[in-house]
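I opened this notebook to keep track of what I looked up in one model. The entries run in the order of my reading.

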Amino acid sequence: MRKLLCLLTLLALSACSAPASTPADGRLPVVATTSIIGDVAAQVGGARVNVRVLLPTGADPHAYEPRPQDIAALTDAELVLVNGLGLEQTLSSMLENAATTVVVSDGIQALPFSGEEGGLDPHVWQDPNNVMVWAQNIADAFSKADPANADEYAANTDIYIKELSALDGWITEQVAQIPEANRRLVTEHATFGYFAARYGFEQVGAILPSLSTGSSPSAQELAKLEDTIRASGVKAIFVGSTVSPDLSRRVADDTGVQLVTLFTDSLSAAGGQADSYLAFMHYNVTAIVEALK
């Protein structure tokens, strides 16, 4: 309760502070909630924007609790880029105080979430075609905020969308190596709905049957999932890098399948194997193909 009161006090103070202004270097000050959104924003904005990412590398957006420095970052930003579709639910009170919020997933045909609580699936970035929509939405927002550099944002976006299109074609080629009977996914939570829909996979089940990674399955739910894994001939369980693998490892051990770590909700640290969205998808697809082919 004390932590909540302190946060609310900081929110009130930040709401009364002076509005954000363009920094002395002339770059557009932008905050992105996740590292994935931040990377796309950097590709679109290039040298004309200063992108700050709210969630630290490796943080789980489903469970992240805001810090006082996050409020300061929002106060300084002219634009705040969010995924939407409920991903930033734990940040909702803080984001209400942002100067201008841009929902980068606007215009994407959201899929129903396959977990127990229903709703819409926020994990749209698992399909590069959706990230093309992100890029265009971000470019539009940058151009509106900084019209003098609109042509540069448009040119950067055209280049990046071509790279995303090439990525989509590469993924299709890689997935073709997997026999159709093996294109079954079990993950720690249902994060691959858009990937499965685009590239012809079936989401057989999830360790956590919920959008929140802080939920806990019952013994009956785990037993049912293990029976499904055995009956379906699933070859691997995929666990995200932002969550504890302990429960997934137990299910993998019980069923005799391999456990494979993927990057799901966050990029890796700079210099790591998935430090950009393009590298993120290349890493994950390569790991999935190697595990299932």
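The entries below go from the whole chain to single residues.

**Ground rules.** I am working on a predicted model, where local features need pLDDT of at least 70, side-chain atom pairs count only at pLDDT 80 or more, and totals for chains, interfaces and linings use all residues. I number residues from 1 along each chain as its sequence is written, and side-chain values use heavy atoms, with hydrogens and water left out.

**Whole chain.** I looked up the secondary structure and found ten helices and eight strands in the protein chain. Both are DSSP runs numbered from the N terminus: helices are H or I with at least four residues, strands are E with at least two. Of the 293 residues, 50% are buried. For burial I use relative accessible area: buried is under 20%, exposed is over 50%, and partly exposed is in between (1.4 Å probe, protein chains only). I then looked at contacts, meaning heavy atoms within 4.5 Å. Among those between residues at least 6 apart in sequence, 63% join residues at least 24 apart.

**Helix α6.** I checked the span of α6, residues 150-175. Its 26 residues reach 37 Å from first C-alpha to last, close to the 38 Å expected at 1.5 Å a residue. The expected span is 1.5 Å times one less than the number of residues. Its buried residues include Y153, N156, Y160, L164 and D168. Which elements do the buried residues of α6 pack against? I noted β1 (28-32), α2, β2 (49-53), α5 (128-145), α7 (193-199) and α10 (277-292).

**D39.** This residue sits in helix α2, residues 35-45. D39 is buried yet has no salt bridge. A salt bridge needs a side-chain nitrogen of Lys or Arg within 4 Å of a carboxyl oxygen of Asp or Glu. The nearest side chain of opposite charge, R27, is 13 Å away. I count Lys and Arg as positive and Asp and Glu as negative, leaving out His and the chain ends. What lies 2.9 Å from a polar atom of the D39 side chain? I found the backbone nitrogen of Y277. Not counting residues up to four places away in sequence, D39 touches Y160, L267, S276 and Y277. Y160 is also one of the buried residues of α6.

**Aromatic rings.** I pair rings of Phe, Tyr and Trp (its six-membered ring) if their centres lie within 6.5 Å; planes under 30 degrees apart are stacked, over 60 edge-to-face, the rest tilted. By this rule I get seven aromatic pairs. The rings of W125 and W134 have centres 6.3 Å apart and planes at 50°, so this pair is tilted. W125 is buried at 2% relative accessibility, and W134 is buried at 0%. Ring pairs also link F192, F195, Y199 and F201 into a cluster.

**G107.** I placed G107 in the loop between β4 (101-103) and α5. G107 is exposed, at 78% relative accessible area. Its C-alpha is 9.0 Å from that of W134, 27 residues apart along the chain.

**L85.** I found L85 in the loop between β3 (79-82) and α4 (92-95). Its phi is near 60°, a positive value in a residue other than glycine. Most residues other than glycine have a negative phi. L85 is partly exposed, at 29%.

**S248.** Last, I checked S248 in helix α9, residues 246-255. S248 is buried, with a relative accessible area of 2%. Beyond four places away in sequence, S248 touches E188, I207, I237, V239 and L259.

How values were computed:
Polar contact = N/O pair within 3.5 Å; in protein donor to acceptor, adjacent residues only side chain to side chain.
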